[in-house]
Amino acid sequence: MRDDKEFEYILNKAVQSHTLDEKEILYLLETKNNKQLFEQADKTRKKYVGDEVHLRALIEFSNYCRQNCVYCGLRRDNSQLTRYRIEPNDIIELAKKTKNYGYKTIVLQSGEDPYYTVEKITKIISEIKYLDIALTLSIGEKTFKEYKAYRDAGADRYLLRIETTDEFLYNKLDPAMSLKNRMQCIEDIKQLGYEVGSGIIAGLPGQTLKSIARDIAYLKSIPVDMAGIGPFIYHPNTPAENIKGNFFELSLKVMAVLRLLMPDINIPATTAMETLNPQGRLIALQSGANVVMPNATETIYRKYYEIYPGKICLGDSPAHCRFCIENKIQSINRYISKGKGFHIRQN
Ligand code: SF4
């Protein structure tokens, strides 16, 4: 009884004030009252960002990566993976096709691939910006100077997940990288006027709910404009620990708490969620999310962009994905936004 009262108190506080301390965030993560949590996150989403869903077309243009993150299928030491790169002119052509499918935002994503020099990336950005489309980069850690060059060339948003703010865990899972530098990168991105996208992986081996509560507090402290939560999915060609468990529900909870604490930000229903649950993206859209990132990468490359196994839509074409997602969104009485979907601060 007392627990129910405490839950009600904390949930109401989150709904009314959008502020919780780490202990209260942890309480919501530990709750079994998932249904109520998801309903309140959905109501908050409706109140602040409405029923429109923003589509961000994802172009995965290179699966080379100089980093070696323990859990990631693109890691440098995964010799089982067939590597590919799409040439800058072909990326630009693909972006033109993508715009014709009706997308208002393109996300260019890759591993950390030094082949794409500042000159190459800035050329790609400038050409894509001629299309009058919002552009997000998700290409990893760069220097301030590089981030500035991309911003000056016209990039609107930058997506860099913090993954985890637990330093011990971070050092274990991202060898040769540093949490301090990652946080600095996020600071730099913010300072340069990008819309900042970040997020975490939920369910990492060795991660605790307490550490996730700290992650959530960190994302709010930035504050991010977009937060994406990916459930941990074990990849057999990595040295990650094969922990048992499906982290779909945990990811939903993290996402719902983020919506309550940052009611007006953009939150994607992630592809990884649908990998773990056939209705994953629709459930997420009804539990706080307002963004979907359909795959616009050409079919021949998709199976090689294997951060985790079992990814959905591998055999589908960009046109099919666009059509399919529209139908899904309409099936839950939501509609696709006609705008570029920038974050509009409301509190
Ligand atoms: S998580 Fe990112 S940086 Fe790390 S290996 Fe994978 S693609 Fe590279």
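This is a predicted model: local features need pLDDT of at least 70, side-chain atom pairs count only at pLDDT 80 or more; totals for chains, interfaces and linings use all residues.
Which loop is His18 found in? Residues are numbered from 1 along each chain as its sequence is written, and side-chain values use heavy atoms, with hydrogens and water left out.

**Figure 1. The whole chain, before zooming in.** The protein chain has 14 helices and 10 strands; helices (H or I, at least four residues) and strands (E, at least two) are DSSP runs, numbered from the N terminus. Its radius of gyration is 19 Å, close to the 20 Å that the globule rule gives for 347 residues, so the chain is as compact as a globular protein of that length. (That radius is taken over C-alpha atoms, and the globule rule is 2.2 Å times the number of residues to the power 0.38.) Along the principal axes, the C-alpha trace spans about 60 × 40 × 40 Å. Of the 347 residues, 59% count as buried, where buried means under 20% relative accessible area, exposed over 50%, and partly exposed in between (1.4 Å probe, protein chains only). Contact means heavy atoms within 4.5 Å. Of the contacts with a separation of 6 or more, 75% come from residues 24 or more positions apart.

Figure 2. Most residues other than glycine have a negative phi, and most peptide bonds are trans. His18 is found in the loop between helix 1 (2–17) and helix 2 (22–30), and its phi is near 55 degrees, a positive value in a residue other than glycine. At 5% relative accessibility, His18 counts as buried. Glu163 also isn't a glycine, yet has a positive phi of about 70 degrees. Look for Glu163 in the loop between strand 5 (157–159) and helix 7 (167–173); with 13% relative accessibility, Glu163 counts as buried. The peptide bond from Ile222 to Pro223 is cis, with omega near -20 degrees. Pro223 is in the loop between helix 9 (209–221) and strand 7 (226–231).

Figure 3. Where does the ligand sit? It's in the largest cavity. On a 1 Å grid over the protein atoms alone, a cavity is a set of points where a 1.4 Å probe fits but cannot get out, and a molecule sits in one if more than half of its atoms lie within 2 Å of its grid points. Around the ligand you'll find Cys65, Gln67, Cys69, Cys72, Leu74, Arg75 and Gly111, each with a heavy atom within 4 Å of it. By class, that shell has 4 nonpolar, 2 polar and 1 charged residues. Here Ala, Val, Leu, Ile, Met, Phe, Trp, Tyr, Cys and Pro count as nonpolar, Asp, Glu, Lys and Arg as charged, and the others, Gly among them, as polar.

**Figure 4. Met273 and its partners.** Met273 is in helix 11 (residues 271–276), and it's buried, with a relative accessible area of 0%. Not counting residues up to four places away in sequence, Met273 touches Ile229, Pro231, Phe248, Ser251, Leu252, Met255, Gly280 and Ala284. Gly310 is 37 residues from Met273 in sequence and 11 Å away in space, C-alpha to C-alpha.

Figure 5. Is Asn290 buried or exposed? At 0% relative accessibility, Asn290 counts as buried. Asn290 lies in the loop between helix 12 (280–285) and strand 9 (291–292). Leaving aside neighbours within four places in sequence, its contacts include Arg45, Glu52, His54, Arg259, Asn266 and Arg334. Arg334 is 44 residues from Asn290 along the chain, with their C-alpha atoms separated by 9.5 Å.

Figure 6. Lys129 is in helix 5 (residues 118–129) and, at 26% relative accessibility, counts as partly exposed. Beyond neighbours within four places in sequence, Lys129 is in contact with Ala134, Leu135, Ala153, Gly154 and Asp156. Leu131 is found in the loop between helix 5 and strand 4 (134–138), and counts as buried at 15% relative accessibility. With neighbours within four places set aside, Leu131 is in contact with Ala95, Lys96 and Lys99.

Note on methods. On a 1 Å grid over the protein atoms alone, a cavity is a set of points where a 1.4 Å probe fits but cannot get out, and a pocket is an open set with protein on both sides within 12 Å along at least five of seven lines; lining residues have an atom within 4 Å of a point.
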